[in-house]
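User: Hi, I'm new to this one and would like a walk through it. Can we start with the overall picture and then go into a few details?
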Amino acid sequence: MATKQPWQDDYWLLLMQQYLRKPTGMKPIYDREMVNLSLELHIHPEVLHDKLGDIGRLRTPRIERIWKEYGENPRRLSRAVQLLRQMIGFNSGGDFFEGVDVQETFERDFRPLSEDERVTPIMLVVILDLYFRLTPITMVAETPEVQELARLLRIPAKLVVEILDVFQHCDPYLRRRDVTFSPLMQPCQQIWQRYGNIDTRQLADYAEQLKVYFKN
């Protein structure tokens, strides 16, 4: 049975480096570098964010000791992190997880879709939030909100429009009778099943958090 990689004390060094990254202190949950660390450790960004708060509060004696040793010496911390990465096989073709059966869950949301490598599931979530803010007649490339989101996601506005159109086919209230042959139909359906029926305010909050990832 697949398992997740457990937390290890050495990870505090990696997380403290994030905490000391300017501007020093707490980082948004979906800060890009925090997400990259989450993907490396196979630990959800929300979990890392909570542990980042533990560093800010010096919650445990272990954290206090690490802070005393590295808190005022980022260079020493950087050397320790570099050594740690070499020891545990980070960025070396997955050596760290050799022999460990890792079941990916949230990781897939940040990786390109096989149907279109320009798009990731979290991008579909952000576009779905825009879908609920527009009407079908405004789901065109000329709409300022579409253009703004396209710039944020670094994809063509016409691709955002294509995805909005696919979401129209997912929306049971529109009852579209025409057929779409977009390869993104299945990924969009999956995102709709996960988020299409939740409170739109909850979706909006989540989308705003995700947008931070694209602003870095």
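Analyst: A word on terms before the overview: helices here are DSSP runs of H or I with at least four residues, strands are runs of E with at least two, and both are numbered from the N terminus. The model is a predicted one, and the elements of the protein chain, taken from the N terminus on, run α-α-α-α-α-α-α-α-α-α.

User: How many helices and strands does the protein chain come to, then?
Analyst: The secondary structure comes to 10 helices and zero strands.

User: And what share of the residues in the protein chain is buried?
Analyst: Of the 216 residues in the protein chain, 47% are buried. As for contacts between residues at least 6 apart in sequence, 61% of them join residues at least 24 apart.

User: Ok, helices next. What angle do helix 2 and helix 3 cross at?
Analyst: Helix 2, residues 32-41, and helix 3, residues 45-56, cross at roughly 110°, and their axes come within 9 Å of each other. That angle makes helix 2 roughly perpendicular to helix 3, and the crossing of the two helices is right-handed.

User: Which residues meet there?
Analyst: From helix 2, Met34, Val35, Leu37, Ser38 and Leu41 meet Pro45, Leu48, His49 and Leu52 of helix 3. By class, the residues of this contact between helix 2 and helix 3 divide into seven nonpolar, two polar and no charged.

User: Now helix 7 and helix 10, how far apart are their axes?
Analyst: The axes of helix 7 (residues 144-153) and helix 10 (residues 200-215) are 8 Å apart, and the two helices pack at an angle of about 55°. Helix 7 is therefore oblique to helix 10.

User: What residues make up that contact?
Analyst: Leu149, Leu152 and Leu153 in helix 7 meet Lys211, Phe214 and Lys215 in helix 10. The contact of helix 7 with helix 10 has four nonpolar residues, no polar ones and two charged ones.

User: Changing topic, where does Ser182 lie?
Analyst: Ser182 lies in the loop between helix 8, which spans 157-170, and helix 9, which spans 185-195.

User: Is Ser182 buried or exposed?
Analyst: Ser182 has a relative accessible area of 12%, and because buried means under 20%, Ser182 counts as buried.

User: What does Ser182 touch?
Analyst: Leaving aside residues up to four places away in sequence, Ser182 touches Glu162 and Val166. With Glu162 there is also a polar contact, made between the side chain of Ser182 and the side chain of Glu162 at 2.8 Å.

Key
Residues numbered from 1 in each chain as written. Predicted model: local features only at pLDDT ≥ 70, side-chain atom pairs only at ≥ 80, totals over all residues. Heavy atoms only, no water. Axes fitted to C-alpha atoms, helices over the stretch in contact; angles between N-to-C directions. Parallel < 35°, antiparallel > 145°, perpendicular 65-115°, else oblique. Contact = heavy atoms within 4.5 Å. Nonpolar A, V, L, I, M, F, W, Y, C, P; charged D, E, K, R; others polar. Left-handed = near helix turned anticlockwise from the far one by under 90°. Buried < 20%, exposed > 50% of the residue type's maximum accessible area, 1.4 Å probe, protein only. Polar contact = N/O pair within 3.5 Å; in protein donor to acceptor, adjacent residues only side chain to side chain.
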